[in-house]
Amino acid sequence: MNERIKQLVGLMEQQSLRAAVITDPKHVYYLSGFRSDPHERLLALIICADGQSKLLVPELDRAGAEAAAVVDAIESHRDTDDAYMILVRMLGADANGVIGVEKDKLSVTQYERITAMLPGSVLASVDQILLMMRAVKNADEIARIRHAVRLVEQVLQETLPLVKVGVTELELAADIDYRMRRIGADGPSFDTTVLAGEKSALPHGTPGTRKIRSGELLLFDLGVYADGYVSDITRTFAIGELSDELKNVYETVLRANELGIAALQTGVPMSQADIAARQYIESKGYGAQFTHRLGHGIGLDIHEYPSLHAGNHDVLQAGMTVTVEPGIYLPGIGGVRIEDDVWITAGGPVTLTTFPKQFTILAD
């Protein structure tokens with residue numbers, strides 16, 4: 001029994017679960033080591049209360065599962081099989097009782113099918129259990145996140161010489177996505193964002209045919225998947241000389257970023273990091289222009305537990321990895337966001353992103 005399955009079995013015991021049926025491909029990978037996209041086909045990892053683990057995969061994934069999965073048994077189903085009948089057979093006597101499933105991840109169709117096939121069972125959520133397990137990373141996971149950070153920072157470094165007046169946001173975004181795969185990333189961990197001028201004031205703006213001009217801001221928000229884990233970084237640059245107001249906004253966001261990172265101490269409520277950054281921005285008169293939480297967890301997903309906002313009083317733990325990304329957005333003018341990936345340790349926060357943050361003019 002691998003350590004993660006052992007930990008899950010212990011948590012299942014606390015909830016009196018007979019078994020857990022894990023169907024989210026990322027959780028299957030997290031628990032078994034086998035990573036795949038089954039598309040519309042059923043992928044299921046069964047964890048029994050006695051610690052037995054059984055993996056059900058589409059037939060075309062069987063060889064890959066046998067090579068990678070650390071489980072006790074593997075079965076497969078063909079497209080002509082009823083995969084849910086095979087799932088019930090694999091559950092055996094554990095089919096009657098309380099069974100844990102990922103209610104946040106199952107489609108309504110999957111949930112109804114499982115319920116119909118297991119009339120003697122009660123389905124309970126294991127979503128929170130898995131999120132809490134994933135929140136604390138081990139050394140291997142930190143190494144994978146570091147690798148993803150190194151890759152995305154290399155991509156950003158290679159992209160900056162391409163920034164010229166007249167180049168469009170889409171041209172830069174397309175080049176970034178190409179470079180990600182060229183240097184060995186699995187791909188972007190979210191849609192690459194390049195926003196120029198007034199569009200940089202849109203926290204979730206979409207790159208378009210807007211051309212870069214002198215005297216404005218240029219915001220990059222990008223990340224990669226690599227070896228199953230993600231990175232996420234935002235940097236904002238000046239194109240030529242900026243107004244004094246925009247320079248002040250930049251320095252305010254930079255200081256808020258630093259204060260937010262410094263507040264990430266073990267045993268401290270998660271709200272404190274958001275409050276530290278937000279109070280500084282408010283003291284400079286821009287509180288209404290900081291419109292989102294300070295940051296979020298990263299790992300297998302680009303957004304995962306924990307969430308760094310002023311209402312979250314959960315306590316920070318060593319091993320968590322989060323983003324710190326304060327921003328100030330001036331509608332019709334421009335916005336600044338500076339985002340780092342941070343590993344929380346017993347000795348204090350460790351910033352995994354190393355790309356320079358000082359005010360930088362790229363082109364004139």
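**Reading the sheet and the aromatic pairs**

User: Which strands does strand 1 join, and how do I read the bridges?

Analyst: Strand 1 (residues 19-22) and strand 5 (residues 98-101) run parallel and are joined by three bridges. Two strands pair if DSSP finds at least two bridges between them; strands are DSSP runs of E of at least two residues, and helices runs of H or I of at least four, numbered from the N terminus. Ala 20 has Gly 100 as its bridge partner in strand 5. This is a predicted model, in which local features need pLDDT of at least 70, side-chain atom pairs count only at pLDDT 80 or more, and totals for chains, interfaces and linings use all residues. Residues are numbered from 1 along each chain as its sequence is written, and side-chain values use heavy atoms, leaving out hydrogens and water.

User: In what order do the six strands form the sheet?

Analyst: The order is 4-3-2-1-5-6, in an open sheet with mixed pairing. Strand 4 (73-77) and strand 6 (122-125) are at the edges with a single partner strand each, so one side of each lacks a neighbour in the sheet.

User: How is an aromatic pair described?

Analyst: By the distance of the ring centres and the angle of the planes. Rings of Phe, Tyr and Trp (its six-membered ring) pair if their centres lie within 6.5 Å; planes under 30 degrees apart are stacked, over 60 edge-to-face, and the rest tilted. Two such pairs occur here. Phe 220 and Phe 237 have centres 5.9 Å apart and planes at 75 degrees, so the pair is edge-to-face. Phe 220 lies in strand 9 (residues 216-222) and Phe 237 in strand 12 (residues 233-239).
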